[in-house]
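Dear colleague,

Please find the structure below, followed by a short account of what was found in it. I would be grateful if you could read the two side by side.

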Amino acid sequence: MKSRKTLWVVTTVLILAAMILSACQPAATPSPEPEVTAEPQPAETTEPTTPEVDFAVRPGGFLEQALNGDFSGTTVVVDGPFTDEDEVKFMESVKAFEDATGIDVQYIGNKEFETTISIRVEA
């Protein structure tokens with residue numbers, strides 16, 4: 001019994017020592033960045049610029065294409081569970097997207113959305 005107690009004490013001390021040593025480890029220093037030499041800038045292009053929006057945009061994705069006007073005039077139908085006041089709030093939140101992309105979002109609110117979508121998926 002005494003040897004088990006000694007084993008636990010030694011194990012505990014080793015764990016504590018390892019935690020203390022890892023906490024005392026010096027912080028990693030960032031490697032120096034290479035010097036950048038000035039290169040001639042290319043002439044300005046006439047590519048459309050993405051408008052500034054209040055939501056995150058991942059470069060190279062469909063959202064960026066939409067913001068550049070690639071899908072302007074398109075209508076998107078969205079089904080969901082929001083009705084009444086929630087539907088109004090949802091459409092207000094979509095307004096910024098519609099204004100920035102030119103895409104028309106038509107929302108269909110239905111309290112039985114889960115049942116309806118299951119039936120449509122099975123069909």
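Does Leu63 count as buried, partly exposed or exposed? At 27% relative accessibility, Leu63 counts as partly exposed, where buried means under 20% relative accessible area, exposed over 50% and partly exposed in between (1.4 Å probe, protein chains only).

Please note that this is a predicted model, in which local features need pLDDT of at least 70 and side-chain atom pairs count only at pLDDT 80 or more, while totals for chains, interfaces and linings use all residues. Residues are numbered from 1 along each chain as its sequence is written, and side-chain values use heavy atoms, leaving out hydrogens and water.

Leu63 belongs to helix α2 (residues 62-67); helices (H or I, at least four residues) and strands (E, at least two) are DSSP runs, numbered from the N terminus. Leaving aside residues up to four places away in sequence, Leu63 touches Phe55, Ala56, Val57 and Phe97, contact meaning heavy atoms within 4.5 Å. Leu63 and Thr101 are 38 residues apart in sequence, and their C-alpha atoms are 8.5 Å apart in space.

Turning to charged pairs, a search of the whole structure finds 2 salt bridges (a side-chain nitrogen of Lys or Arg within 4 Å of a carboxyl oxygen of Asp or Glu). In one of them, Asp79 is joined with Arg120, and the closest N and O atoms are 2.1 Å apart. Asp79 lies in strand β1 (residues 75-80) and Arg120 in helix α4 (residues 113-122), so this pair ties together parts that are 41 residues apart in sequence. Asp79 is partly exposed at 26% relative accessibility, and Arg120 is partly exposed at 46%.

Lys95 forms a salt bridge with Asp99, with 3.1 Å between the closest N and O atoms. These residues, Lys95 and Asp99, are 4 residues apart in helix α3, which means that about one helical turn separates them. Lys95 is partly exposed, with a relative accessible area of 44%, whereas Asp99 is exposed at 54%.

Among the aromatic residues, ring pairs link Phe82, Phe90 and Tyr107 into a cluster. Rings of Phe, Tyr and Trp (its six-membered ring) pair if their centres lie within 6.5 Å; planes under 30 degrees apart count as stacked, over 60 as edge-to-face and the rest as tilted. By this rule the count comes to 4 aromatic pairs. Phe90 and Tyr107 form a tilted pair, 4.8 Å centre to centre with 45° between the planes. Tyr107 counts as buried, at 11% relative accessibility.

Yours sincerely
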